[in-house]
Amino acid sequence: MPGELLRAATWHTARTGPRGQLVSPVSGTARPTADVLAEFRPHLAPGLRATGDTARIAELWAEFERTGNGADRRRRWYAEGGRQGLTERLIASTVRPDR
């Protein structure tokens, strides 16, 4: 896959989140994210098993599907609380009180 296409696909995916479309490196076409990720699972499974990460990755992916990516969360926080609410949630999600 040409570098320009890969960069554009990465940007697009970051913008649209898990419910959007992802460009498949196999076909070079945009398809639902879940379908494209399913292409990778057989390739990733042995490495995840070998490192004991299968359950953790499944947990993280379920959370990602439930809450979306960073852009999804920021849009949701803005819709829920306006600029002030967004600012408060961003601070709460990045600053730890013990530091």
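Where is the place of Thr87? Thr87 sits in helix H4, and by helix I mean a DSSP run of H or I with at least four residues, while strands are E runs of at least two, all numbered from the N terminus. Before I go on, a word on the model: it's predicted, so to speak of a local feature we need pLDDT of at least 70, side-chain atom pairs count only at pLDDT 80 or more, and totals for chains, interfaces and linings use all residues. Residues are numbered from 1 along each chain as its sequence is written, and side-chain values use heavy atoms, with hydrogens and water left out.

Okay, back to Thr87. Its relative accessible area is 38%, so Thr87 is partly exposed. The scale goes like this: buried is under 20% relative accessible area, exposed is over 50%, and partly exposed is in between, using a 1.4 Å probe and protein chains only. Thr87 and Pro32 are 55 residues apart in sequence, and from C-alpha to C-alpha they're 31 Å apart in space.

Now, salt bridges. Side chains of opposite charge can pair when their charged atoms come close. Here that takes a side-chain nitrogen of Lys or Arg within 4 Å of a carboxyl oxygen of Asp or Glu. How many salt bridges does that rule give? The count is 5, and I'll walk you through some of them.

Let's stay in H4, which covers residues 70-94. Arg75 pairs up with Asp72 there, with 2.9 Å between the closest N and O atoms. They're 3 residues apart, which means about one helical turn between them. Asp72 is buried, at 15%, and Arg75 is partly exposed, at 40%.

Over in helix H1, residues 3-16, we've got Glu4 and Arg7, again 3 residues apart and about one turn of the helix. Their salt bridge is 4.0 Å, N to O. Glu4 is exposed, at 56% relative accessibility, and Arg7 is exposed too, at 55%.

Then there's helix H3, residues 54-67, with Glu59 and Arg56 about one turn apart. That salt bridge comes out at 2.4 Å, N to O. Glu59 is partly exposed at 48%, and Arg56 is partly exposed at 41%.

A pair of aromatic rings is described by the distance of the centres and the angle of the planes.

Last stop: the largest pocket, with about 450 Å³ of space. A pocket is an open set of points on a 1 Å grid over the protein atoms alone, where a 1.4 Å probe fits and protein lies on both sides within 12 Å along at least five of seven lines; lining residues have an atom within 4 Å of a point. Volume is the space filled by probe spheres on those points, which are joined across faces, edges and corners.

There are 18 lining residues, and the closest to the centre are Leu37, Arg41, Leu44, Ile57 and Trp61. Helix H2 (33-51) and H3 each supply at least two residues, with H2 giving the most, 8.
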